[in-house]
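Subject: A structure for you to look at

Hi there,

Here is the structure I promised to pass on. Have a look at it first, and then read my notes below.

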Amino acid sequence: MSLKLYFHPLSSFCQKALIALYENDTPFEPHIVDLGDEASRTAFMKIWPIGKFPVLRDEAKDRTVPESSIIIEYLAQHYPGRTSLVPADADLARQTRLRDQYMKH
Ligand SMILES: N[C@@H](CCC(=O)N[C@@H](CS)C(=O)NCC(=O)O)C(=O)O
């Protein structure tokens, strides 16, 4: 499987990325990160040394994609499906990004 999502189910940022994957039935391999477990933490830090999740790993393209909003844009661009995750219209896309930024604060 090409896509792997490193996440924790209780993280709202991770839920954001999961919703994007589920909306389009995009196949992915789930990897739950337990920062309290030394082995899990070490394995995750090798993938993304900053240590924040979610992180998407695309093995087919050899890319590591961090940040929930960037993951959604990456999925929209490289793995599009029936649900448009980012509006095609540039002005609508900007408004969507603005709302997304507000939700983070
Ligand atoms: N701006 C990031 C925020 C990610 C973030 O803060 N994730 C938290 C979980 S909700 C995290 O990784 N916490 C672990 C830590 O800070 O050690 C995004 O949108 O993905």
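Strand S1, residues 3-7, is mostly covered, with 5 of its 5 residues buried. Here "buried" means under 20% relative accessible area, "exposed" means over 50%, and "partly exposed" is in between, using a 1.4 Å probe and protein chains only. Strands (E, at least two residues) and helices (H or I, at least four) are DSSP runs, numbered from the N terminus. Leu3, Leu5 and Phe7 point one way from S1, while Lys4 and Tyr6 point the other way, and all are buried.

Before going on, please keep in mind that this is a predicted model: local features need pLDDT of at least 70, side-chain atom pairs count only at pLDDT 80 or more, and totals for chains, interfaces and linings use all residues. Residues are numbered from 1 along each chain as its sequence is written, and side-chain values use heavy atoms, with hydrogens and water left out.

Now for the neighbours of S1. Two strands pair if DSSP finds at least two bridges between them. S1 pairs with strand S3 (residues 55-58) in the antiparallel sense over 4 bridges, and leucine 56 in S3 is the bridge partner of leucine 5. S1 also pairs with strand S2 (residues 29-32), in the parallel sense and over 4 bridges. There, tyrosine 6 stands opposite histidine 31, and leucine 5 stands opposite proline 30. To get from S1 to S2, the chain passes through helix H1 (residues 12-23), and this β-α-β crossover is right-handed. That term applies if, with the strands pointing away from the viewer, the path from the first strand over the helix to the second runs clockwise.

Which residues touch the most other members of the largest nonpolar core? They are Leu5, Leu56, Ile71 and Leu75, out of 21 residues in that core. S1, H1, S3 and H3 are the elements that give two or more residues to this core, and H1 gives the most, with 5 residues. A nonpolar core is a set of buried Ala, Val, Leu, Ile, Met, Phe, Trp, Tyr and Cys residues joined through side-chain atoms within 4.5 Å. As background, nonpolar side chains tend to be buried together in soluble globular proteins.

Helix H3 also holds tyrosine 74. Is tyrosine 74 buried or exposed? With a relative accessible area of 8%, tyrosine 74 is buried. Its C-alpha atom is separated by 10.0 Å from that of valine 86, which is 12 residues apart from tyrosine 74 along the chain.

Next, the pockets. A pocket is an open set of points on a 1 Å grid over the protein atoms alone, where a 1.4 Å probe fits, with protein on both sides within 12 Å along at least five of seven lines; lining residues have an atom within 4 Å of a point. Grid points are joined across faces, edges and corners, and a volume is the space filled by probe spheres set on the points. The largest pocket has a volume of about 250 Å³. Its lining includes Lys16, Glu73, Val86 and Arg97. Helix H3 (68-78) and helix H4 (90-104) each supply at least two lining residues, and the largest share, 5 residues, comes from H4. By class, the lining has 4 nonpolar, 3 polar and 4 charged residues. For these classes, Ala, Val, Leu, Ile, Met, Phe, Trp, Tyr, Cys and Pro count as nonpolar, Asp, Glu, Lys and Arg as charged, and the others, Gly among them, as polar.

The second largest pocket has a volume of about 180 Å³. Phe13, Trp48, Phe53 and Pro54 are among the residues that line it, and its lining divides into 6 nonpolar, 2 polar and 3 charged residues.

Finally, some backbone details. Most residues other than glycine have a negative phi, and most peptide bonds are trans. The peptide bond from phenylalanine 53 to proline 54 is cis, with omega near 15 degrees, and proline 54 lies in the loop between helix H2 (38-47) and S3. Aspartate 25, in the loop between H1 and S2, has a positive phi of about 50 degrees although it is not a glycine. Aspartate 25 counts as exposed, because its relative accessibility is 55%.

Happy exploring!
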